[in-house]
Amino acid sequence: MSPFPSTRSSPETRSSTRHGAGRPVSRWRLAGKLTALLAVALLPLACGDTRIHPNPSASTFGHRHDELFMLITALTGVSFLIVLAMMAVPIIRDRARPGKKAHYDHGSSLHDKRFTAIVSVVVFIVLDAWVLFVSVTDLREAWWNYPPADSEEAYRVEVLAQQWAWNFRTPGIDGEFGTADDVVTINQLTVPADRPIVLNAASKDVIHSFFVPDMRIKRDANPGSVNRVWFQTKPEAAGNDYQILCAELCGFAHYQMYANLTVLSQDDFADWEQDASALAVASFDADDTEAHWAWDFKE
Ligand SMILES: [Cu+2]
């Protein structure tokens, strides 16, 4: 028995062959419709419609994320078009026509094997290796390039996630965590512009994910461990507010788990920190153990 299906026409294929041979125009009509659909889908891109883009990056290294995203989109997009073209050629060239005899090929000739090997190697080197190289460079030079542990300039924040809110603790004027002047807030984080912001993220309950789309940062907040992430805003971000989201489906009210990030100019921030620390000291209650969460900051 041949492992291949019988090439004898069934009534169904006979009728479709007759249909295709008798009215070849219908395939062109189908191709026309598909092309029109593709054109409509790509129209916003051609018009430069910005609604499909996120906000421009407000952090100093966010553009690297956008460039990598565009690179991957371009590489996969071009590959997709090449594959489509390679499928379209035999579909059109070898379509059913009167007198056209089908040719069966197992694709196992030396030429076919060589072609497959070359395509595989090119795809691997051009797509995978290129994307890997850019990604690792970006990680080394930006996302993993944390400010030094003794950096005076870095502003440190402890982030404690819970179902379904973000708790923030900043060290206050004394620069020490776990003291009376710690500024503790819920769903509101205020930071200085154009200074490295180093965050420690942890969770009280389940896995959450600290996500600031406009800064192009995202880091899981896990129970039982502390994860670091950092960013630095551009100077022009001063005076703006940005969204902080949870990017991990963390339960019933996950969709409500968002906070506000306020970026102040360095002068405004100094005033704000002074006032906030004074308020924290005034309202400090040594017996309120629930409010005294803090950990040794992980540099
Ligand atoms: Cu969450």
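**Entry 1: a strand residue.** I started at asparagine 260, which sits in strand 10 (residues 258–264). This is a predicted model, so everything below is read from a prediction. Leaving out residues up to four places away in sequence, asparagine 260 touches Asn187, Gln188, Asp241 and Ile244. I checked one of these by C-alpha distance: isoleucine 244 is 16 residues away along the chain, and the two C-alpha atoms are separated by 5.7 Å.

**Entry 2: over to Asn187.** Asn187 was on that contact list, and I followed it up. Asparagine 187 is in the loop between strand 3 (183–186) and strand 4 (188–192). Its phi is positive, about 60°, although the residue is not a glycine. I noted that because most residues other than glycine have a negative phi. Asparagine 187 has 15 C-beta neighbours inside 10 Å and therefore counts as partly exposed.

Entry 3: Where does arginine 216 sit? I find it in the loop between strand 6 (208–212) and strand 7 (217–221). Arginine 216 counts as buried, because it has 22 C-beta neighbours inside 10 Å and the cut-off for buried is 20 or more. Not counting residues up to four places away in sequence, arginine 216 touches Ser57, Ser59, Gly62 and His65. For serine 59 I looked up the separation: 157 residues in sequence, 7.4 Å in space from C-alpha to C-alpha.

**Entry 4: a cis bond.** Which two residues are joined by a cis peptide bond? They are glutamine 163 and tryptophan 164, with omega about 0°. Most peptide bonds are trans, hence the note. Tryptophan 164 lies in the loop between strand 1 and strand 2 (165–170).

Entry 5: I moved on to helix 3 (residues 62–93). It has 32 residues and reaches 47 Å from first C-alpha to last, close to the 46 Å expected at 1.5 Å a residue. How many of the residues of helix 3 are buried? The number is 2 of the 32, so helix 3 lies largely in the open.

Next I looked at how helix 3 packs with helix 4. The two axes come within 11 Å and cross at roughly 175°. That angle makes helix 3 roughly antiparallel to helix 4. On the helix 3 side I list Arg64, Leu68, Leu71, Ile72, Leu75 and Ser79; these meet Leu127, Val131, Val134, Ser135, Asp138 and Ala142 in helix 4. The residues of this contact split into 8 nonpolar, 2 polar and 2 charged. A reminder to myself on spacing: an α-helix has 3.6 residues a turn, so residues three or four places apart point the same way.

**Entry 6: Ala142 close up.** I picked out alanine 142, in helix 4. With 19 C-beta neighbours inside 10 Å, alanine 142 counts as partly exposed, because buried takes 20 or more. Leaving aside neighbours within four places in sequence, alanine 142 is in contact with Phe61 and Arg64. I also noted phenylalanine 231, which is 89 residues from alanine 142 in sequence and 8.8 Å away in space, C-alpha to C-alpha.

**Entry 7: past the end of helix 4.** Proline 148 is in the loop between helix 4 (110–143) and strand 1 (155–162). I count 10 other C-beta atoms within 10 Å, so proline 148 is exposed. Its C-alpha is 7.8 Å from that of glutamate 299, across 151 residues of sequence.

**Entry 8: the core.** The largest nonpolar core has 34 residues, and Val159, Ile197, Leu199, Ala201 and Phe210 have the most contacts inside it. I took alanine 201 as my example. Leaving out neighbours within four places in sequence, alanine 201 is in contact with Val159, Ala161, Phe210, Arg219, Ala221, Asn227 and Val229.

**Entry 9: whole chain.** Last, the totals. I have 5 helices and 10 strands, and 20% of the 299 residues count as buried. Of the contacts between residues at least 6 apart in sequence, 70% join residues at least 24 apart.

Technical notes:
Residues are numbered from 1 along each chain as its sequence is written. This is a predicted model: local features need pLDDT of at least 70, side-chain atom pairs count only at pLDDT 80 or more; totals for chains, interfaces and linings use all residues. Helices (H or I, at least four residues) and strands (E, at least two) are DSSP runs, numbered from the N terminus. A residue is buried if 20 or more other C-beta atoms lie within 10 Å of its own, exposed if 12 or fewer, and partly exposed in between; C-beta atoms are placed from the backbone. The expected span of a helix is 1.5 Å times one less than its number of residues. A nonpolar core is a set of buried Ala, Val, Leu, Ile, Met, Phe, Trp, Tyr and Cys residues joined through C-beta atoms within 7 Å. Two residues are in contact if their C-beta atoms, placed from the backbone, lie within 7 Å. Axes are lines fitted to C-alpha atoms, for helices over the stretch in contact, and angles run from 0 to 180 degrees between N-to-C directions. Angles under 35 degrees count as roughly parallel, over 145 as roughly antiparallel, 65 to 115 as roughly perpendicular and the rest as oblique. Ala, Val, Leu, Ile, Met, Phe, Trp, Tyr, Cys and Pro count as nonpolar, Asp, Glu, Lys and Arg as charged, and the others, Gly among them, as polar.
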